[in-house]
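Please read the points below with the model open beside you. They take up the charged pairs and then one of the sheets.

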Amino acid sequence: MMKTMVLAGCAGIAVVALQCVAANPIDPEWYADPQIRLYGKTFWVYPTYSHDLREQTFLDCFSSKDLKSWTKHEKILTTNAVLWAKGAMWAPDAHEKDGRYYFFFGANDVHEGEVGGIGVAVADNPAGPFSAQDQGLEYHVGVQTQYLRRMDARQIRFVIFIDCS
């Protein structure tokens, strides 16, 4: 994002223009929908790879122990590993339960009359590799997912925000 700041001196004699570019502090690629989790002493960010929908066929994650230095874990899940996913993957989130990591995501760019899904994949490590279930929860309108874990950690529940616009 480009921002321009103009500073004017007394009586408008001097004008200085500064340009600032806000960059992604974790990775130079474009990512959206980040979810951050803390597992042990390591922070994990699960974002959407933000690109043309035909190229949005995988999900990466990033880890850091100090929130300054980040390690990229590439393609922790791809549409090749999700039998029902035929298009873009987005809005990932992961939760740990009993030493396993449950990775939730949306897939397929849905338009009127098309079917999308919310998928679940499982791994023994927060960086994957994740194995997806054979079927996703079907939906027929645009959906953004957010998953919540109950405070008592006995179960994982999820909330679905439906964007009908």
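1. Does D98 count as buried or exposed? At 68% relative accessibility, D98 counts as exposed, where buried means under 20% relative accessible area, exposed over 50%, and partly exposed in between, with a 1.4 Å probe and protein chains only. The side chain of D98 meets that of K97 in a salt bridge, at 3.7 Å from N to O.

2. This is a predicted model, in which local features need pLDDT of at least 70 and side-chain atom pairs count only at pLDDT 80 or more, while totals for chains, interfaces and linings use all residues. Residues are numbered from 1 along each chain as its sequence is written, and side-chain values use heavy atoms, with hydrogens and water left out.

3. The structure holds three salt bridges, a salt bridge being a side-chain nitrogen of Lys or Arg within 4 Å of a carboxyl oxygen of Asp or Glu. One of them joins R100 to D124, with the closest N and O atoms 2.9 Å apart. This pair links distant parts of the chain, 24 residues apart, since R100 lies in strand β8 (residues 100-107) and D124 in the loop between β9 (116-123) and β10 (131-132); helices (H or I, at least four residues) and strands (E, at least two) are DSSP runs, numbered from the N terminus. R100 is partly exposed, with a relative accessible area of 35%, whereas D124 is exposed, at 60%.

4. Another salt bridge is formed by D93 and R37, whose closest N and O atoms are 2.7 Å apart. Here too the pair links distant parts of the chain, with D93 in strand β7 (residues 89-97) and R37 in strand β3 (residues 31-39), 56 residues apart. D93 is buried, with a relative accessible area of 0%.

5. Four strands make an open sheet in the order β3-β4-β5-β6, with antiparallel pairing, where two strands pair if DSSP finds at least two bridges between them. Because β3 and β6 (71-78) stand at the edges, each with a single partner strand, one side of each is left without a neighbour in the sheet.

6. Within this sheet, strand β5 (residues 58-64) pairs with β6 in the antiparallel sense over five bridges, and H73 in β6 is the bridge partner of C61. Three bridges join strand β4 (residues 42-49) to β5, again antiparallel. Seven of the seven residues of β5 are buried: F58, D60, F62 and S64 point one way, and L59, C61 and S63 the other way.
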